[in-house]
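Here's a quick tour for anyone meeting this protein chain for the first time. Have a look at the model, then read on.

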Amino acid sequence: MNHISKAGYFHLGDRKVYRLGYGAMQLAGPHVFGPPNDRNAALAVLRAAIEAGVNHIDTSDFYGPHITNQLIREALSPYHHDLTIVTKIGAVRDEQGAWLPAASAEALTTAVHDNLRNLGLDRLEVVNFRAMFDMFGPAEGSIEEPLTVLAALQQQDLIRHIGLSNVTANQVVQARRICAVVCVQNQYNLVHRRDDALIDTLSQEGIAYVPFFPLGGFSPLQSAGLSAVARSVGATPLQVALAWLLKRSPNILLIPGTSSLGHLRENLTAADVELSAAVMAELDGVATRRP
């Protein structure tokens, strides 16, 4: 049994994926803008992830922009039939790299075609709509119009499954009146616990929850309690943070990102870390003591 398979499986619609995947955002340049400093190293990380058994890659054409998807195509195409590539739309980058909302019918349709072209696909397996009412976290607002556009693109067989990103529980309910939702992708980790109730609700519905910034993102998780637990189980703090997420709920799919082969190996062996009930309780204590 390899490291990835120890994490188990869950479903994205009718796609069966390992719960430990890979997020490609960090393959772009600084601040997710422009090309990587070392293109060959970025390609090597992608190939190493697949060789390790990863069959779920998260990306977007606004990473770079276009850079990350082009790297994925160069490194991995023709794609293995078992690989599920998940992308997201709803934002664009300006010339300075700022993140801007892009949720009109024209913008969404263009984004779908850009993803298809740069990934070299005829159909996108999963497309997440990223709400941009507030770039830094979920905020209420109607997503009926953009979801209606995505549902129409799904009818054209350009999209197989639809997911959501940066959304509230109310927006999930609204979206499910329009189309089937296979996953929700929000910020969530050991200390950022806003979505606890939403995760449990989605689990009951068989819908995947995909936390982004599972390791803290641009501000990596740092906690004396987390470090102490890591020492006690013979793992790194980041491996423990990922292992906690795997044990938190069976519908959680992980997409830790890195541009380093060493960090990739560290992330993918998180499934080897065993956390007892006592350790989980201790980590939950860390989570409630938010910085």
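Let's begin inside the sheet: I89 stands opposite F129 in β8. That pairing belongs to β5 and strand β8 (residues 124–130), which run in the parallel sense over four bridges. Two strands count as paired if DSSP finds at least two bridges between them. Strands and helices here are DSSP runs numbered from the N terminus: E for strands, at least two residues, and H or I for helices, at least four residues.

A word on where this comes from: it's a predicted model, where local features need pLDDT of at least 70 and side-chain atom pairs count only at pLDDT 80 or more, while totals for chains, interfaces and linings use all residues. Residues are numbered from 1 along each chain as its sequence is written, and side-chain values use heavy atoms, with hydrogens and water left out.

**The sheet around β5**

How covered is β5? Strand β5 (residues 84–89) is mostly covered, with six of its six residues buried. "Buried" means under 20% relative accessible area, "exposed" means over 50%, and "partly exposed" is in between (1.4 Å probe, protein chains only). T84, V86 and K88 point one way from the strand, while I85, T87 and I89 point the other way.

On another side of the story, strand β4 (residues 56–58) also pairs with β5. Here are three of the strand pairings.

| Strand pair | Sense | Bridges |
|---|---|---|
| β4 and β5 | parallel | three bridges |
| β5 and β8 | parallel | four bridges |
| β8 and β9 | parallel | six bridges |

Zooming out, seven strands form an open sheet with parallel pairing, in the order β3-β4-β5-β8-β9-β10-β11. Its edge strands are β3 (22–23) and β11 (208–209), each of which pairs on one side only.

There's a helix in the path too: β4, helix α3 (residues 67–76) and β5 make a right-handed β-α-β unit. Right-handed means that, with the strands pointing away from the viewer, the path from the first strand over the helix to the second runs clockwise.

**A buried arginine**

Now for R93, which sits in strand β6 (residues 91–93). R93 counts as buried because its relative accessible area is 11%. Leaving aside neighbours within four places in sequence, R93 is in contact (heavy atoms within 4.5 Å) with residues including F62, P65 and W99. The side chain of R93 reaches the backbone oxygen of V32 at 2.7 Å, and a polar atom of that side chain lies 3.2 Å from the backbone oxygen of H31.

**Helix α7**

Which residues of helix α7 (residues 196–205) are buried? They are L198, I199 and L202. These residues cover an arc of only 100° around the axis, so they lie on the same side of α7; the arc is that of the directions from the helix axis to the C-beta atoms. The face turned away from that buried side carries the exposed residues A197 and Q204. The buried residues pack against α6 (169–176), β10 (183–185), β11 and α9 (237–248). Just after α7, G206 takes a positive phi of about 75°.

**The whole chain**

Altogether the protein chain has 11 helices and 11 strands, and buried residues make up 56% of its 291 residues.

Methods: A polar contact is a pair of N or O atoms within 3.5 Å; within protein, one must be able to donate a hydrogen and the other to accept it, and residues adjacent in sequence count only if both atoms are side-chain atoms.
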